[in-house]
Amino acid sequence: MTNGFRVLISDSLSQAAAEVLTSAGIEVDDRAGISAEELTETIGSYDALIVRSRTKVTSDILSSASNLKLIGRAGIGVDNIDLETAGKSGIIVQNAPTGNSVTTAEHAICLMLSLTRNIPQGTMSMKSGKWEKKKLGGREIFGKTLGIVGLGNIGKIVADRARGLRMKVIASDPLCTADAAAEVGAKLCSFDELLESADYISIHTPANKHTIGLFGAEAFAKAKHGVFLVNAARGGIVDEDALYQALQEGIVAGAALDVFSQEPPDKSNPLVGHERVICTPHLGASTKEAQEKVAIEIAEQIRDFALRGEKRNVVNSQWIS
């Protein structure tokens, strides 16, 4: 039925993915943690590859993928895959854009609340035997303006949850219409208008040539003094040197970071130890529910491609001839 279609899983993935594929008669080889060298040596014998964020699908690896037809990313971000080279080689890249949306949105909200009420700092303080009630006073988010940069699947959920917390929501997204924003209770505005008005900014845009370094010195110079910044999207969108300077100058009152330009960040990164920065190790999609959802989502897409040639959520179509 599948003409010997073979799938390699190179990263840790819910067993649900393999079950979806094998039940359709597709051969699955689970080699989570495989090295780049081993992947280069073996990729030529597979029709499809499933990755998460650990595996870097480089041009070198793709040059050995003589039989590869499809790369599936169990999640939304595809910055670890050379999309152009894959496309020019006739290899389709698909992602799973909805499976971890709720989980990532919830994490962004958690970061915003924790940042506002100094919850991590309070926990650390008490664990060290202190009682710093006065020092760790926070503020309410009720009535504050949340600026969402990127109103896609995740951004829309954040907007909905923020409205439930009685925040005012504005959003900047060149691909979103005012009507679509209004459906989730957000007012669409320009990026500069968002910077000038937002008490909180939450980033939910992909990392690409248009967004890398988007939050740099120029953006922070336009931001409302005392803004709080949350990034649970991708490292690199925020210029970390510029953010550190904005924190030092008081332009940014506090930042919550789940992602970094280098992961894990270097021990010398001043943001990690900054007293007004809270951080987590890229936990946005790290829930049991989300990992099962994205595994099933991408496995079903690969199954349907293998059985019927169906193509969904293709992210590199512009390079495929």
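Visitor: Where do D304 and R308 lie, and how many residues apart are they?

Guide: Both lie in helix 12 of this predicted model. They are four residues apart, about one turn of the helix.

Visitor: Why is D304 called buried?

Guide: Its relative accessibility is 5%. Buried means under 20%, so D304 qualifies.

Visitor: And R308, buried or exposed?

Guide: R308 has a relative accessible area of 52%. Exposed means over 50%, so R308 is exposed. Salt bridges that share partners join R303, D304, R308, E310 and R312 into one network.

Visitor: What does the pair D11 and R54 tie together?

Guide: D11 and R54 form a salt bridge, 2.8 Å from N to O. D11 sits in the loop between strand 1 and helix 1, and R54 in the loop between strand 3 and helix 3, so the pair links parts 43 residues apart in sequence.

Visitor: Why is R54 called partly exposed?

Guide: R54 has a relative accessible area of 41%.

Visitor: How do you know that the radius of gyration agrees with a compact globule?

Guide: A compact globule of 321 residues would have a radius near 20 Å. The protein chain has 21 Å, so the two agree.

Technical notes
Residues are numbered from 1 along each chain as its sequence is written. This is a predicted model: local features need pLDDT of at least 70, side-chain atom pairs count only at pLDDT 80 or more; totals for chains, interfaces and linings use all residues. Side-chain values use heavy atoms; hydrogens and water are left out. The radius of gyration is taken over C-alpha atoms; the globule rule is 2.2 Å times the number of residues to the power 0.38. A salt bridge is a side-chain nitrogen of Lys or Arg within 4 Å of a carboxyl oxygen of Asp or Glu. Helices (H or I, at least four residues) and strands (E, at least two) are DSSP runs, numbered from the N terminus. Buried means under 20% relative accessible area, exposed over 50%, partly exposed in between (1.4 Å probe, protein chains only).
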